[in-house]
Amino acid sequence: MPRSKKTRKVGLIGVRKDPDRKPRVTVPQGKKKGKGKPSGTRNAVEQQKGRSGGKKAAQDPRHGSKRPIQLIKAEARKYASPAEELAALEADNKLAALLDKLDQDISISRAEQQYVDEKMERHRFLCDLMGISEDEDDDSNDPLDDLDAISMDDFKK
């Protein structure tokens, strides 16, 4: 006995209600028309159709975003406020070590000098932004200094 393949299709169960109904026969209609452009036409030169000029003729046939992509990663903002950035600059150990070398007249490399220049320029900018001047000394604004300048002889008659 030949082996028959199992199937999940089930035959008719019961009797049809309309005995005059003819079974629907599907006839293959041939190859369906595909959607979209044929393959390999992305870079092909499009021929001018009936219209000439216009916006459609000048457009690039390729799809997608035309916005340029930035290849170099932009530096992200690290600090929420200028005060935090200023505090971080003043706590920078590398900068402090390089400034100590410069104070002791020890030569440093060009890259280190460039690092010091960048950080000091940023420090000046942040100080100006926050209204801090470098010329101010803490001792010069002491209000008690004026009391020592008063002589008791000025009050005697």
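Start your tour by selecting Arg 124 and Glu 121: both sit in helix H4, 3 residues apart, which is about one turn of the helix. Helices here are DSSP runs of H or I with at least four residues, strands are runs of E with at least two, and both are numbered from the N terminus. Before going further, note that this is a predicted model, in which local features need pLDDT of at least 70, side-chain atom pairs count only at pLDDT 80 or more, and totals for chains, interfaces and linings use all residues. Residues are numbered from 1 along each chain as its sequence is written, and side-chain values use heavy atoms, with hydrogens and water left out.

**Stop 1: the pair within helix H4**

Show the side chains of Arg 124 and Glu 121. They meet in a salt bridge, 3.2 Å from N to O; the term stands for a side-chain nitrogen of Lys or Arg within 4 Å of a carboxyl oxygen of Asp or Glu. Arg 124 is partly exposed, at 38% relative accessible area, and Glu 121 is partly exposed too, at 48%. For these labels, buried means under 20% relative accessible area, exposed over 50%, and partly exposed in between (1.4 Å probe, protein chains only).

**Stop 2**

Now select Arg 122 and Glu 85. Their closest N and O atoms are 2.8 Å apart, in a salt bridge. This pair links distant parts of the chain, with Arg 122 in helix H4 and Glu 85 in helix H2 (residues 82-90), 37 residues apart. Is Glu 85 buried or exposed? At 17% relative accessibility, Glu 85 counts as buried, while Arg 122, at 32%, counts as partly exposed. The structure holds 2 salt bridges.

**Stop 3: a nonpolar patch**

Next, select Phe 125, Leu 129, Met 130 and Ile 132. Together they form a nonpolar patch on the surface, with about 360 Å² of accessible area. Patches take residues with over 30% relative accessible area and no salt bridge, joining like charges within 9 Å and nonpolar side chains (Val, Leu, Ile, Met, Phe, Trp, Tyr) within 5 Å. Areas come from the Shrake-Rupley method with a 1.4 Å probe, and for residues only the protein chains shown count as cover. Leu 129 lies in helix H4 (residues 110-130) and is exposed, at 52% relative accessible area.

**Last stop: the whole chain**

Zoom out and colour by secondary structure. The chain has 5 helices and 0 strands. Buried residues make up 8% of its 157 residues. Its accessible surface comes to about 16,600 Å², of which 52% belongs to carbon and sulfur atoms.
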